[in-house]
Amino acid sequence: MLKVYIADTGGIDTSAAYPLSDYRRERVGCLHVPEKIRESIGAELLLNHAVKELFPAAVIPLDITCSGYGKPEISGGEFHFSLSHSNGRVLCAVSDSAVGADIQYISAFHDSVARRFFAADEREYILSRPDRDAAFTGIWCRKESYIKALGTGLATPLESFSVIGRSDIFYTVTGKHHIALCVPGGIDAAPEITEILL
């Protein structure tokens, strides 16, 4: 099972009493920019929607804990999830196995960043593309999804692996947002991405 959801966060009221986990409340409490607060709240609201659709008996707010590397997970491990947000959009992937999801608003290509954090073939790929900004964002997005799926975060150096040609990463672009999903072991078919209103 791999279910993917996406939503805009513009309509979220940051002063409303949403059913959020203690984990999310702590994260929101550290934020000061209204857009970032909406995105953080929106990520969990999207997860709540997915969980209630897939597991109707689930109790909301969820009991979210963190792995040793800081990856959020459901206490008890009934399913896996990955959340991401960027520039007013949130993404949630729910799976019965490890999953990593990332959404990135298109950003400018910086060769210094590519030299430092990308594998040689990834940098070569970007330099060969007519739209280097899109290629750069796409590689970054796929790399984020990969380390999220591993659950190691930046403990896995970004330059230590390449995402070029990987069968365990699904990648697409919607408007100016790039989306990547990684499921170690492979993704059999392009997942359906369901857009919802929060």
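Two strands count as a pair when DSSP finds at least two bridges between them. Keep that in mind as we walk through this structure, which is a predicted model.

Let's start with strands S1 and S5. S1 covers residues 2-8 and S5 covers residues 89-95; the two run antiparallel, and seven bridges join them. For a spot to look at, find Lys3, which sits opposite Val94 in S5.

Now zoom out to the sheet. S1 and S5 belong to an open sheet of four strands, with the order S4-S5-S1-S9 and mixed pairing. Strand S4 (80-86) and strand S9 (193-195) are at the edges, and each has a single partner strand, so one side of each has no neighbour in the sheet. On average, neighbouring strands here are turned by 20° against each other, ignoring direction.

Next, have a look at helix H1, residues 22-29. Which of its residues are buried? They are Tyr23, Arg24 and Val28. These three cover an arc of only 125° around the axis, which means they lie on the same side of H1. What do they pack against? Their partners are helix H2 (34-54), strand S2 (64-66), strand S3 (72-74) and S4. Over on the face turned away from that buried side, you'll find the exposed residues Asp22, Glu26 and Gly29.

Finally, there's the largest pocket, with a volume of about 570 Å³. It is lined by 24 residues, and the closest to its centre are Arg27, Pro72, Leu83, Glu144 and Lys148. H1, S4, strand S6 (100-105) and helix H5 (132-150) each give two or more residues to the lining.

Conventions. Residues numbered from 1 in each chain as written. Predicted model: local features only at pLDDT ≥ 70, side-chain atom pairs only at ≥ 80, totals over all residues. Heavy atoms only, no water. Axes fitted to C-alpha atoms, helices over the stretch in contact; angles between N-to-C directions. Buried < 20%, exposed > 50% of the residue type's maximum accessible area, 1.4 Å probe, protein only. Arc of directions from axis to C-beta. Contact = heavy atoms within 4.5 Å. 1 Å grid on protein atoms, 1.4 Å probe; cavity = no way out; pocket = protein on both sides within 12 Å on 5 of 7 lines; lining within 4 Å. Points joined across faces, edges and corners; volume = space filled by probe spheres on them.
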